[in-house]
Amino acid sequence: MKKIFLIIFLTILLTSCKKDSDIEFGENIETETEEVVTKSLTKESESATVTLEEYIDVFISGCVNNPDVYTLKKGSIIKDAVEMAGGFSENACRDYVNLAKKLEPSEHIIIPSQDEAKELNPVQVEDAPNSSSLVNINKASKEELMSLPGIGERKAEAIIKYRNSKSFSNIEDIMNISGIKEAAFSKIKDKICIN
């Protein structure tokens with residue numbers, strides 16, 4: 001009885017399947033492969049359009065809550081660095097530095113206290129240089145030299161050491177300092193003088 005029931009069941013099953021039925025084995029594999037390849041190509045083209053953002057490192061110290069070296073997007077301004085450093089400390093002279101000035105790679109920003117600012121002469125960096133806004137590399141203090149783009153503490157000390165043995169006779173002489181070549185000079189040439 002079981003055998004008869006099984007034979008009838010199989011016969012009904014086989015006769016009910018049409019030749020052009022919706023059940024197809026092995027034919028969807030190509031379609032699925034094509035879809036996977038298309039999806040992976042789409043992802044690759046999307047990743048190719050992603051632009052790389054450039055970052056710079058700057059050192060901010062003085063009267064900020066967390067002085068340290070910070071990594072910021074290229075094109076950031078001093079205000080961004082101050083915010084990264086936790087903002088101004090209580091006694092900071094907020095008007096001494098130009099918060100809208102664009103940062104340069106490896107720049108050192110010093111935020112003086114109100115007492116220190118009274119003793120310092122503010123160094124103004126403007127697009128249209130005049131004799132009062134230029135940094136005299138023969139007389140400038142270490143802090144004034146460090147206000148120049150790309151001039152950190154070590155380069156400022158090297159400039160002072162060089163000028164103590166031999167004063168600068170023209171602004172191009174600053175390229176005699178280790179680490180200051182054409183690229184660095186082009187960033188500061190409109191901001192320095194020798195008189």
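## A tour from helix to sheet

Start by selecting helix α1, residues 2–16, where Ile4 is found. Helices here are DSSP runs of H or I with at least four residues, strands are E runs of at least two, and both are numbered from the N terminus. This is a predicted model: local features need pLDDT of at least 70, side-chain atom pairs count only at pLDDT 80 or more, and totals for chains, interfaces and linings use all residues. Residues are numbered from 1 along each chain as its sequence is written, and side-chain values use heavy atoms, with hydrogens and water left out.

Stay on Ile4. Ile4 counts as exposed because its relative accessibility is 52% (exposed is over 50%, buried under 20%, partly exposed in between; 1.4 Å probe, protein chains only).

Next, move to the sheet. Select β1, residues 55–62, and β2, residues 68–73. These strands run antiparallel, joined by 6 bridges (strands pair if DSSP finds at least two bridges between them). Together β1 and β2 form a hairpin, with 5 residues between them. Click Val58: Tyr70 in β2 stands opposite.

β1 and β3 pair in the parallel sense, over 4 bridges. Here Ile60 stands opposite Ile109 in β3.

Show the three strands together. What is their order in the open sheet? The order is β2-β1-β3, and the pairing is mixed.
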